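Please keep the structure open while reading.

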Amino acid sequence: MSAGEQIAALELADNSISAIDVFVRQGLKSLKEFSTVDGWLDGGLLDKHQLSCYELAFCTAELGAAREVCRYARDAGEEDSLSVDTALAFTAEAAASVLQRLVARATDLGLDITELSGLYCDSTTGVLRARYGSAEFLAAIGAAVTERGSSRLPTLLNEDKEMVRDMFARFGADVVAPVAEKIHRHDLDIPDEILNQAAELGCFGISIPERFGGLQPDDRDDSLGMIVVTEELSKASLGAAGSLITRPEIAAKSLLQGGTAAQQETWLPRIASGESLCAIAITEPNFGSDVASLGLKATPVDGGWVLNGSKTWCTFAGKASLLLAMARTEPDPSLGHKGLSLFLVEKPAAAGHEFRHQQPQGGVIQGKAIATVGYRGMHSYDVFFEDYFVPADGLIGEESGRGKGFYFTMAGFAGGRIQTAARATGVMQAAFEKALSYSRERKVFGSPVGDYQLTQVKLGRIMATLTASRQFSYAVARMMDEGTGQMEASLVKLFSCRAAEWVTREAMQIHGGMGYAEETAVSRYFLDARVLSIFEGAEETLALKVIARNLVSNV
């Protein structure tokens with residue numbers, strides 16, 4: 001495809017995205033009309049249209065991914081024409097997916113089914129789907145990747161980012177990957193060998209400014225650097241390395257947002273160096289993603305506070321010596337999230353699946369790991385607090401931070417979501433590489449599996465989805481570094497995490513029976529990928545409470 005043909009093809013893809021987006025926006029306007037009373041959006045009425053909200057959230061996420069991968073292809077096409085083919089294939093498939101969602105919900109959303117159906121064969125979307133969504137075109141991408149034996153396209157990262165990416169890729173390959181399977185199959189702790197070397201590389205200080213001993217520039221955020229590292233760690237092992245940055249990032253953002261100068265100077269260097277490994281204690285047994293309703297009780301006492309209650313899904317709580325815990329400091333339940341505060345809770349680090357610590361004054365904290373099918377190594381715990389004392393300077397912001405804990409975590413939550421998208425990309429990359437290698441080596445009916453059209457189509461689709469996920473996350477990271485992108489962070493998480501489930505499934509399928517064997521890494525990738533749509537904001541909560549409400553409010 002010549003440069004001129006590339007430009008024309010990508011313009012066709014852009015026009016198709018825009019044509020479909022018109023109907024998505026019409027659907028959002030209908031939801032707004034259904035749910036507005038006296039000029040105000042009524043959340044209760046909007047909840048009566050949850051399926052439509054859910055589908056439109058995915059439509060928006062898929063179209064967003066298509067836009068970004070096409071934007072990427074314009075810049076990368078000169079270096080590697082396969083990037084253009086990959087972008088066109090993804091956009092053709094995304095267009096078909098979004099149209100299918102819209103047609104299914106057309107009546108609910110008040111869309112004209114005849115006009116909507118017309119997009120299947122109009123001059124832009126119809127041509128896009130026929131030309132770049134065909135089996136022949138998809139298989140050609142898969143065949144090209146198989147011939148190359150490489151699943152990498154140009155990243156377009158600058159030299160510094162490429163250097164960081166390469167450094168953590170080597171760490172992942174040399175230190176993490178060799179023990180990843182053992183950690184998963186025996187549900188072991190992350191070994192100190194990984195933690196110590198990660199600390200030496202500055203892993204825990206990725207989101208902490210240089211003035212506090214971290215790697216982030218003092219004058220700006222570096223979300224892009226954070227997700228580049230996260231992807232490489234997740235490729236090596238989601239459970240043993242992919243989440244090492246997340247908890248320090250959330251804690252650091254909270255301290256930078258609301259901590260006193262003394263708290264920042266005390267804790268940020270310790271977190272950055274890995275001296276204080278940390279965990280986040282937000283979720284509670286009865287509230288899940290409903291953060292505003294949390295009930296861990298913080299009662300003021302002489303010299304500080306005592307905590308009573310429980311948390312769940314507190315990942316890394318055993319080895320952590322610092323918990324960032326959200327607790328209710330204001331007894332009036334009507335205050336909702338305005339009654340929540342953040343605490344820095346110290347405890348001894350503990351190996352294994354259970355821990356218990358009793359303070360000299362009698363307070364107790366104890367935890368027990370929850371058995372999970374995947375994402376093993378860090379362990380996620382049920383944690384119980386009984387009259388556990390936290391000194392006054394353990395309240396982030398001290399007295400001025402009372403009732404502001406929810407707000408202090410917001411920046412960290414957005415960072416956690418984009419990190420989770422990067423984790424999904426890392427797992428997809430690992431699965432793709434294994435599938436590609438196996439398809440070249442394994443012979444069936446006298447030919448390599450990768451020589452068959454269906455396998456080539458699968459590889460082509462995986463390549464397209466993986467590239468879209470990576471470039472969407474890069475784009476959102478750049479937005480966040482410029483002070484925007486909070487909404488887009490939720491969109492890219494929604495898209496990438498669902499995509500990872502499909503990609504790892506297809507990688508298993510290419511392996512056939514061996515894909516179901518524990519000894520094969522793709523079985524671990526499949527189990528690990530399943531958690532991605534659940535943590536850091538469950539898929540349904542993101543789609544309904546964050547994305548759809550934002551889209552409907554602003555349409």
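Helices (H or I, at least four residues) and strands (E, at least two) are DSSP runs, numbered from the N terminus. The model is predicted, so local features need pLDDT of at least 70 and side-chain atom pairs count only at pLDDT 80 or more, while totals for chains, interfaces and linings use all residues. Residues are numbered from 1 along each chain as its sequence is written, and side-chain values use heavy atoms, with hydrogens and water left out.

A pair of helices comes first. Helix α15 (residues 405-441) and helix α17 (residues 486-511) have axes that come within 8 Å and cross at roughly 20°. Here axes are lines fitted to C-alpha atoms, for helices over the stretch in contact, and angles run from 0 to 180 degrees between N-to-C directions. The crossing angle therefore makes α15 roughly parallel to α17; angles under 35 degrees count as roughly parallel, over 145 as roughly antiparallel, 65 to 115 as roughly perpendicular and the rest as oblique. The crossing of α15 with α17 is left-handed, a term used if the near helix is turned anticlockwise from the far one by less than a right angle, with right-handed used if clockwise. The contact of α15 with α17 has 18 nonpolar, seven polar and three charged residues. In this classing Ala, Val, Leu, Ile, Met, Phe, Trp, Tyr, Cys and Pro count as nonpolar, Asp, Glu, Lys and Arg as charged, and the others, Gly among them, as polar.

The next topic is charge pairing. Side chains of opposite charge can pair when their charged atoms come close. A salt bridge is taken as a side-chain nitrogen of Lys or Arg within 4 Å of a carboxyl oxygen of Asp or Glu, and by this rule there are 32 salt bridges. One of the salt bridges joins Lys545 and Asp47, at 3.0 Å from N to O. Lys545 belongs to helix α19 (residues 539-554) and Asp47 to the loop between α2 (43-46) and α3 (50-76), so this pair links distant parts of the chain, 498 residues apart. Burial is judged by relative accessible area: buried means under 20%, exposed over 50%, and partly exposed in between (1.4 Å probe, protein chains only). Lys545 is partly exposed because its relative accessibility is 40%, and Asp47 is partly exposed at 27%.

Arg270 and Glu275 form another salt bridge, with 3.8 Å between the closest N and O atoms. Arg270 is partly exposed, at a relative accessible area of 25%, whereas Glu275 is exposed at 55%.

Arg402 and Glu330 also form a salt bridge, their closest N and O atoms being 3.0 Å apart. Arg402 sits in the loop between β10 (380-391) and α15, and Glu330 in the loop between β6 (322-328) and β7 (340-346), so the pair ties together parts that are 72 residues apart in sequence. Glu330 is buried, with a relative accessible area of 16%, but Arg402 is partly exposed at 29%. Elsewhere, salt bridges that share partners join Arg152, Glu162, Arg165, Glu231, Glu232 and Arg470 into one network.

How many disulfides are there? The count is zero, where a disulfide is a pair of cysteine sulfur atoms within 2.5 Å. The cysteine sulfur closest to that of Cys59 is in Cys53, 12 Å away, which is too far for a bond. Cys59 is buried, at 0% relative accessibility. Cys203 is likewise in no disulfide, the nearest cysteine sulfur being that of Cys278, 11 Å away. Cys203 is buried, at 0% relative accessibility.

Backbone angles follow. Most residues other than glycine have a negative phi, and most peptide bonds are trans. Trp313 has a positive phi near 50°. Trp313 lies in strand β5 (residues 304-315) and is partly exposed, with a relative accessible area of 47%. Phe445 is not a glycine, yet its phi is positive at about 55°. Phe445 is placed in the loop between β11 (443-444) and β12 (447-448), and at 80% relative accessibility it counts as exposed.

Two further loop positions remain. Gly537, in the loop between α18 (521-529) and α19, is buried with a relative accessible area of 15%. The C-alpha atoms of Glu78 and Ser254, 176 residues apart along the chain, are separated by 42 Å.
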